[in-house]
Amino acid sequence: MSFNEFFFPDSDLPRFAEEIQNVTASKGQDAMLGCIVDNLRNYQVAWVRVDTQTILAIHHSVITQNPRISLSHNDHRTWYLRIQEVQEVDRGWYMCQVNTDPMRSQKGYLEVIVPPTILTKETSTDMVVREGSNVTLTCKATGYPEPYIMWRREDGKNINYNGESGEFRSIVAL
């Protein structure tokens with residue numbers, strides 16, 4: 001063992017040059033997580049889905065059977081995990097590992113945004129009521145993050161409700 005190996009045992013081991021940047025993508029878009037490793041030498045990089053502990057890729061090989069996942073790297077230093085047409089199930093933590101002993105790793109989060117959609121079958125349609133009568137209007141929507149619904153009159157005038165005037169909002173709870 002040399003002097004440097006004895007006093008600086010980690011000096012030749014791979015190290016992460018930067019943190020993995022969290023990524024936000026809309027449902028259906030592609031997302032790419034990048035892992036930058038200095039001094040990789042003969043060690044290998046792996047990508048793991050943290051919540052399921054599923055190995056997605058090891059070095060140059062995609063392990064998962066998910067056809068939307070692919071790999072690429074740049075100069076044996078930057079390793080990319082690409083997920084095509086992200087779905088809600090892809091939301092979560094992803095880990096980049098280097099097979100040192102002990103293993104070194106870092107995590108990045110993939111946020112998947114789902115645009116709001118009004119559920120037409122659960123939403124009120126046009127109706128005619130007598131002035132001064134009570135009416136219940138229903139509007140339901142899905143999306144992520146959870147959408148909120150704001151009620152407005154089509155003519156732009158304020159809505160009067162129990163003697164109050166203004167805009168009314170409701171949080172969607174499904």
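Predicted model: local features only at pLDDT ≥ 70, side-chain atom pairs only at ≥ 80, totals over all residues.
Residues are numbered from 1 along each chain as its sequence is written, and side-chain values use heavy atoms, leaving out hydrogens and water.

**Salt bridges**

Side chains of opposite charge can pair when their charged atoms come close. How many salt bridges does the structure hold? There are six, counting a side-chain nitrogen of Lys or Arg within 4 Å of a carboxyl oxygen of Asp or Glu as a salt bridge.

| Pair | N to O distance |
|---|---|
| Asp 38 and Arg 77 | 2.5 Å |
| Arg 91 and Glu 111 | 2.9 Å |
| Glu 122 and Lys 140 | 3.5 Å |

Take Asp 38 and Arg 77, whose side chains meet in a salt bridge. Asp 38 lies in strand β3 (residues 31-38) and Arg 77 in the loop between β7 (69-74) and β8 (78-83), so the pair ties together parts that are 39 residues apart in sequence. Strands here are DSSP runs of E, at least two residues, numbered from the N terminus. Asp 38 is partly exposed at 24% relative accessibility, and Arg 77 is partly exposed too, at 35%. For these labels, buried means under 20% relative accessible area, exposed means over 50%, and partly exposed is in between (1.4 Å probe, protein chains only).

Next up, Arg 91 forms a salt bridge with Glu 111. This pair links distant parts of the chain, with Arg 91 in the loop between β8 and β9 (92-98) and Glu 111 in strand β10, 20 residues apart.

Glu 122 and Lys 140 sit in the loop between β10 and β11, 18 residues apart. Glu 122 is partly exposed, with a relative accessible area of 40%, and Lys 140 is partly exposed at 30%.

**A nonpolar patch**

Which residues make the nonpolar surface patch of about 340 Å²? Met 127, Val 129, Val 135 and Leu 137 do. Patch members have over 30% relative accessible area and no salt bridge, and nonpolar side chains (Val, Leu, Ile, Met, Phe, Trp, Tyr) are joined within 5 Å, like charges within 9 Å. The areas come from the Shrake-Rupley method with a 1.4 Å probe, and for residues only the protein chains shown count as cover. Leu 137 is found in the loop between β10 (104-118) and β11 (141-144), and Leu 137 is partly exposed at 44%.

Definitions and conventions. Helix = DSSP H or I, 4+ residues; strand = E, 2+ residues; numbered from the N terminus.
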